[in-house]
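Dear colleague,

Please find the structure handed over below, together with its sequence. A summary of the findings follows it.

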Amino acid sequence: MSDTFKYGSIEVPRRVVDPDTAFLIPKVSGYIPECEDIEEMLWGIREQEAKKEPWNTLIVGEPGCGKSALVEWICAELRIPLVLIQGDGEQAVADLIGYHMYREAEGGMSWEDGKLPFSVRRKASILYDEINHVLPEVLSRTHSMLDYRRVLDLKENKIKREVSGRTILTPEQLEVDALSHFWATMNPHDTGRHVGTKPLSPALESRFNIRVRMGYLSEGNEIKLLISKTPCSKKDVEKIVEVANKSREAFRNMEISMPIDHRMTMAWASLTCQFGLKRACKTTILNKLHEDDMDALRGLLISLGIEVAEGRDHE
Ligand SMILES: Nc1ncnc2c1ncn2[C@@H]1O[C@H](COP(=O)(O)OP(=O)(O)OP(=O)(O)O)[C@@H](O)[C@H]1O
Ligand SMILES: [Mg+2]
């Protein structure tokens, strides 16, 4: 593998692997790059590494369009150690920052790192998935890491420090490595469709230097993806992708509320090899939809020559 990664007009040096953090480098195979802002994202990585100033990226798109896979692919190519933080509505400051816990072997309380100090101490980059599920007051603890200050404030953890010959307890502060990147992903909040999402605070939003909007793969690339990842025949894959694209069009026209995403087409193609196109469609696609969507999709399937029976007699 050459020591630089070239994509379009941008070339970025690959990292030298540190054996201590090699386990954090994602392993990705068969990724098909298509998002039109990949060059900007790579430029941002190169810029941050050259100028030692943060270049944070927010990726917005519908579920299953490939947001997380894109970041993992970039990190796999550049050999960047990556820590994933899965955002959820229950996430508390202690999950991110850490907490004191009782350890019998140590005979008392000691500090346990949360995901942020875990990453910062290892100079790893962070992928914060579904960031807009998390409360703004929890996320505000990331602010000082994401701007010019580049510090993570661990005020809850008091550490011993020598000051003028005396030992005193001070709050710990971690310096964020210049090569640590921060990506976050989210489903669009403004559609009102994604339960549990909240708008990001303006303070956090302004710390993202770029915002990437991701759509689904083009027809040709999705066919390529399904053929490479499943044993499904080309003929069936083409049908599946045709249905998926029609469902996405119907979603854009507000005729259905849930489009068929890449996770769903992969499941449909995989099950098709065992049960055939029609029967596989029921459990991987139709059963996941609300009643209204189910009727609309049945109509769409019929228009494409796929009639899925409601009972067990499918083929
Ligand atoms: N360009 C691509 N090349 C190869 N596989 C892809 C590509 N895009 C998406 N996938 C595959 O599609 C599936 C869904 O992708 P991913 O989990 O990245 O979606 P997501 O947008 O992060 O979804 P969510 O919003 O639910 O987190 C994964 O199995 C991923 O590997
Ligand atoms: Mg994701």
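Two strands are said to pair if DSSP finds at least two bridges between them. Helices (H or I, at least four residues) and strands (E, at least two) are DSSP runs, numbered from the N terminus. Please note that this is a predicted model, in which local features need pLDDT of at least 70, side-chain atom pairs count only at pLDDT 80 or more, and totals for chains, interfaces and linings use all residues. Residues are numbered from 1 along each chain as its sequence is written, while chains are lettered from A and ligands numbered from 1 in the order in which they are written.

Hairpins

Strand β8 (residues 151-163) and strand β9 (residues 166-175) run antiparallel and are joined by 10 bridges. Within this pairing, Glu162 stands opposite Thr167 in β9. Two residues lie between the strands of the hairpin, where Ser164 takes a positive phi near 45°.

A further hairpin is made by β1 and β2, also with two residues between the strands, and Gly8 in its turn has a positive phi of about 60°. Here strand β1 (residues 4-7) pairs with strand β2 (residues 10-13) in the antiparallel sense over four bridges. Thr4 is placed opposite Pro13 in β2.

The chain as a whole

The chain contains 12 helices and 11 strands. Its C-alpha trace spans about 85 × 45 × 40 Å along the principal axes. A residue is called buried if 20 or more other C-beta atoms lie within 10 Å of its own, exposed if 12 or fewer, and partly exposed in between, with C-beta atoms placed from the backbone. Of the 315 residues of the chain, 30% count as buried. Two residues are in contact if their C-beta atoms, placed from the backbone, lie within 7 Å. Among contacts in the chain with a separation of 6 or more, 70% are between residues 24 or more positions apart.

Nine residues of domain 1 are in contact with 11 residues of domain 2. By class, the side of domain 1 that touches domain 2 has three nonpolar, three polar and three charged residues. In this classification Ala, Val, Leu, Ile, Met, Phe, Trp, Tyr, Cys and Pro count as nonpolar, Asp, Glu, Lys and Arg as charged, and the others, Gly among them, as polar.

Helix α8

In helix α8 (residues 219-229), the buried residues are Glu222, Leu225 and Leu226. They lie on the same side of α8, because they cover an arc of only 90° around the axis, the arc being that of the directions from the helix axis to the C-beta atoms. The exposed residues Gly220 and Ser228 are carried on the face of α8 turned away from its buried side. The cover over the buried residues of α8 includes α9 (234-252) and α10.

Individual residues

Lys52 lies in the loop between α1 (38-51) and β3 (57-61), and its phi is near 60°, a positive value in a residue other than glycine. Lys52 counts as exposed because it has 11 C-beta neighbours inside 10 Å. Glu130, in the loop between β7 (125-129) and α5 (136-139), has a positive phi of about 50° although it is not a glycine. With 22 C-beta neighbours inside 10 Å, Glu130 counts as buried.

Glu112 belongs to strand β6 (residues 108-113) and counts as partly exposed, with 14 C-beta neighbours inside 10 Å. Leaving aside its neighbours within four places in sequence, Glu112 is in contact with Gly98, Tyr99 and Met101.

With kind regards
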